[in-house]
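Hi there,

Here is the structure I promised to pass on.

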Amino acid sequence: MSAELRRVGAIVWKDLTAERRTKANFNAVVFLAGLILLLFGFAIGPDGQTMELIAGGVLWLTVLFSGVLSFNRSYEQELENGALEMLLLYPGDRRSIFVGKLLANLLFVLLVEVVMVPLAAVLYDLPLWQHIGPLSLVLFLGTTGFVTLGTFYAAMASRLRAREVMLPLLLFPMLVPLLVGAVQATGGILNGDLMGSTASWLRLLVVFDVIFFVAALFAFEHVIED
Amino acid sequence: MALAGVARRFGRRWVLRGVDLVVQPGQVVVLTGRNGSGKTTLLRLVASLIRPSRGAIRVFGHDTVREGANVRPLVGILAHNAGIYDDLTAGENLIFSLRMAGQSARGAPISETLERVGLASFEFERVRGFSAGMRRRLGLARLLLRPPRLLLLDEPYASFDQDGIDLVNEFAVHTRSQGGTVLLSTHDLARAAGIPDWRAHIADGLISEVPLEDRFRRPAGGLA
């Protein structure tokens, strides 16, 4: 195994091991996601047609609002006991830290979605099992882009005093194209692709993921340094 | 290790204002200065953790800004914060540090290293319950597992009992004997007695060599 892959694996293993032991972050994020879904349900009311129409938007806003909590936590454990400085002192390419964090966050958010999406399907009466394949693809592509930018901006915000506030302020405006693409693709899958545009939205998600992954990879070293 | 005209500011405050310092391989230099004089900043600059606002630093021939990736494998630091993870066990923290260094943890002397620092019986315990001294010992174990050529010790005696202090000093002497360089920042010269070759003092953002009293100096012609 190459040294860089070993470093990426070490970060993923360390982050997930710490999370598995405490479960504090996972429980909080899942609970928040459930709460947001419920609140949207109350706000929309019992109109089934409206619920179906906006279910895609509600689903993605829930992913965004709850997922953002996990990014802060991802760097919080590095700031405790000065671990971030030690992490930066290890030999090798610092981009492996970014890739490791990204993979750990991606696994974490996907795991949250495994709980959250069936819950949304029950609350909003969505035909989840009919469209599980295409829906999983949209969730994966959308989540990858979200986690890529989230991991990058959390690294940037980790140096700031008000990082909990700054992270959503920095992150959410950048996610607008991804949010539009993911909501449209999800809506197309759940409500029937009348205009045949779902494939275009999926392509947008792929392009978004690739562009921001490459950009974040090269900019990471500059934002993580003090 | 060579610093030429190194200055560093945080906001409007210049912590270092033009430091020139050369330390040869096989030397231990003790760095003294008042609180806030810039000792920790100097160590972080040398470790390539931060960039100088002015000037240049070379470590074993490598520029810390342009060739940081070449500097980092040579440097080890024992700092105020041990930089270890509370939710991993002591053994897992060492395994993580080896993997991050690009090495395989298989067959690594994890238990033996923990035994050297007196943490053998805590290998499988989570660090969350460790005292400050135990955390520092674990930080030291990480260095022992992957000995650096340039050892940076930032107030290394804090939280250590006499046994821990001896461990730190033995490691500093060992690093020197292997041709490495040691930069030791401390308020407590007495605890480093017999270790340093010379003393550098920081005041007003500048560094100067000051005489080291004989009782603190390394005995001539031999290791402490």
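How many residues does the contact take from chain B and from chain A? Chain B gives 21 residues and chain A gives 23, where two residues are in contact if their C-beta atoms, placed from the backbone, lie within 7 Å.

A word on the source: this is a predicted model, in which local features need pLDDT of at least 70 and side-chain atom pairs count only at pLDDT 80 or more, while totals for chains, interfaces and linings use all residues. Residues are numbered from 1 along each chain as its sequence is written, and chains are lettered from A and ligands numbered from 1 in the order in which they are written.

On the side of chain B that touches chain A, β6 and α3 (90-100) of chain B are the elements that give two or more residues. Helices (H or I, at least four residues) and strands (E, at least two) are DSSP runs, numbered from the N terminus. The most comes from α3(B), with 3 residues.

Now to the sheet in chain B. It is open, has 6 strands in the order β6-β7-β8-β3-β9-β10 (chain B), and its pairing is mixed; two strands pair if DSSP finds at least two bridges between them. β6 (75-78) and β10 (206-210) of chain B are at the edges with a single partner strand each, so one side of each has no neighbour in the sheet.

Inside the sheet, β3 (residues 28-33) of chain B runs parallel to β8 (residues 181-185) of chain B, joined by 4 bridges. Val28(B) stands opposite Val182(B) in β8(B).

Best wishes
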